[in-house]
Amino acid sequence: MKKWMVVSLGLALCTVSVLSGCSDKEAAQSDATPKVSEDRVTAAGELPITKEKTTLKVLVKGSAFVEDFATNEYTKYLEEKTNIHIEWDVAPEKSAVEKLNLVLGSGDLPDVIMGFDVSPTQQLIYGSQGDFLDLTPYIAKYGVETKKMFEQVVGVKDAITAPGGKIYGLPLVNECFHCSMGQKMWIYKPWLDKLGLAVPTTTDELYKVLKEFKTKDPNGNGKVDEIPLAGAAVGPAVNIDSFLMNAFILNPNNTNRLYLNNGKVDVPYNKPEWQEGLKYLNKLYAEGLIAPQSFTQDRDQAKQMGENPNINILGAAIAQHNGTFTAFNGPSGRWLEVTAVPVLKGPKGLQVAPYTNSVSQGRYVITKASKNPEAAFRLADLMYTQEMTLRNAEGRPDVEWKYATQGEIGINGKQAIWKYTEAKLQNVQNVKWSQTGPSLRTNDFRLGLVADPKNPLEVILYNETKNKYEPYKQKLDTVLPQLFFTNEQAMELADLEKTITDHVKEMTARFIIGDANLEKEWDGYLKNLDNMNLKRYLEIYQAAYDAKKK
């Protein structure tokens, strides 16, 4: 495979200008630890950060929600508090990847790269050749808030640490409790009530419920127009197999479907249990219980199906939340009439809710061009405070949000931390960064929002996830972390991953709809995976995982 091919891992952004010539630079790299100067910044945690006004050049990924970073009120507040002026180079959102690649390829680097979520692979390539600074000495000396983050959120430090113990990029952390177990099913409660049915808890019970939806006219219009179950084709959390397959075998919430099996990187889709799950799904489809649109429709089409204006036609849907197939505060009000189906027990007793972490890698990278990397790091560290996170994500204190008063209750039923005011910002505004920079939203922080009876969405999602999914949460030692690949590994994976994942996606759909015969063509499917070099694919991931663990 040629060296310039794009790395299509869902992890890397590398293209021609990014990857070419890396090997020579790697050979000439220096492992010297950056020298941390005490003279250019104040003591850790002290404001302002610099005694003399300092300018940082920042390449930032543009946001459709931010009018102007230079005049933004959050920017002005940061500059006032820190004595650091930011000189912005805004990359248009639609061409941001190309802009980043051009900058990295040219060698004309800014002090800071922010908002691009630079992948672990890029971090390792450019960090090992010296273009991205190792931030571990800065964290050790100045990382007041960064260290707190490592203590508050399990796994963050490990997630952002490259092989060799170096950290090349700081993350955005957003612990969305209900998102972390996002492979869910939602079912229309009025239909259950009308037919005298309980919310299903096993695969057999679900089959019976869907059969009743199909044949008993629960919407009462005298027509056979009910759609018992639907999914969509726009991501792991809404694919028709996303929720249901976990009653047969762990089906991780990522496009690669990778997990750890006793410390070994593995996949579920070549196992007998996967075949059993496909048989179940094929049975549902063959009996008209799964909508054919599930394999082609996008989110807009899915919402049209659930929000049918005349009468409800949809019984259940695969979705992360109850606003995928129905509209929050929509005219039908159906989003309040659906309830989550708990993790189903399969024929062999398996019940598992796949877990995903909430770390956006590489949100803030400091380059070798920075003349004051201490100040650049201190600025990022400050952004992890609660106040700066709220200013970044929500707006101004006492205007868009307030701190909660004693006795106000949060979504989690505990003393609340903060609340929204009545003020509403426009979609395009100049008050906040809309999460562009680093910020820290822990579960306690997010669930510490004052529960609003007028907008019960977050309360619903919290309770449904807490009661029906968390008891079956995937064991953390089986969750594969984000990995750092070398240049050579990334290039080899580029072809392998796309070929394998495309084949699995295609054959999963064909087996479910009956276009491919599970009994006759399963062995051929497995042989094709072997011919696509699934073994080598897993070996590369294993090598990257082992390197990270060391």
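This is a predicted model: local features need pLDDT of at least 70, side-chain atom pairs count only at pLDDT 80 or more; totals for chains, interfaces and linings use all residues.
User: How many bridges pair strand 1 with strand 2?

Analyst: Two strands pair if DSSP finds at least two bridges between them. Strand 1 covers residues 54-61 and runs parallel to strand 2. Their bridges number eight.

User: Which are the edge strands of the six-strand sheet?

Analyst: This open sheet has the order 2-1-3-11-4-14, with mixed pairing. An edge strand here pairs on one side only. The two are strand 2 (84-91) and strand 14 (440-441).

User: How many of the eight residues of strand 11 are buried?

Analyst: Buried means under 20% relative accessible area, exposed over 50%, and partly exposed in between (1.4 Å probe, protein chains only). Strand 11 spans residues 359-366 and is mostly covered. Its buried residues number seven.

User: Which residue of strand 11 stands opposite leucine 170?

Analyst: Strand 11 pairs antiparallel with strand 3 (residues 112-114) over three bridges; there, valine 112 faces isoleucine 366. Strand 4 (residues 170-174) is also antiparallel to strand 11, again with three bridges. Leucine 170 has as its opposite tyrosine 364.

User: By how many degrees are neighbouring strands of the four-strand sheet turned against each other on average?

Analyst: The order of this open, mixed sheet is 6-9-5-10. Strand 6 (227-230) and strand 10 have a single partner each, so one side of each lacks a neighbour in the sheet.

User: Which residue of strand 10 stands opposite tryptophan 186?

Analyst: Strand 5 (residues 185-188) and strand 10 run antiparallel and share four bridges. Across from tryptophan 186 is alanine 340.

User: Is proline 331 buried or exposed?

Analyst: Proline 331 sits in the loop between strand 9 (314-318) and strand 10 (338-341). Its C-alpha atom is 19 Å from that of alanine 317, 14 residues away along the chain. Because its relative accessibility is 86%, proline 331 counts as exposed.

User: Is threonine 203 buried or exposed?

Analyst: Threonine 203 belongs to helix 11 (residues 203-215). Leaving out residues up to four places away in sequence, it touches several others (contact means heavy atoms within 4.5 Å), among them Phe248, Tyr280 and Pro347. Its relative accessible area is 4%, so threonine 203 is buried.

User: At what angle do helix 19 and helix 21 pack?

Analyst: Two packed helices are described by the angle between their axes and the distance between the axes. Axes are lines fitted to C-alpha atoms, for helices over the stretch in contact, and angles between N-to-C directions run from 0 to 180 degrees. Helix 19 (residues 487-513) and helix 21 (residues 534-549) have axes 10 Å apart. Their angle is about 135°.

User: How many residues of the contact of helix 19 with helix 21 are nonpolar?

Analyst: The contact includes Leu493 and Leu496 of helix 19 and Tyr537 and Ile540 of helix 21. Ala, Val, Leu, Ile, Met, Phe, Trp, Tyr, Cys and Pro count as nonpolar; Asp, Glu, Lys and Arg as charged; the others, Gly among them, as polar. One contact residue is polar and three are charged. The nonpolar ones number nine.

Notes: Residues are numbered from 1 along each chain as its sequence is written. Side-chain values use heavy atoms; hydrogens and water are left out.
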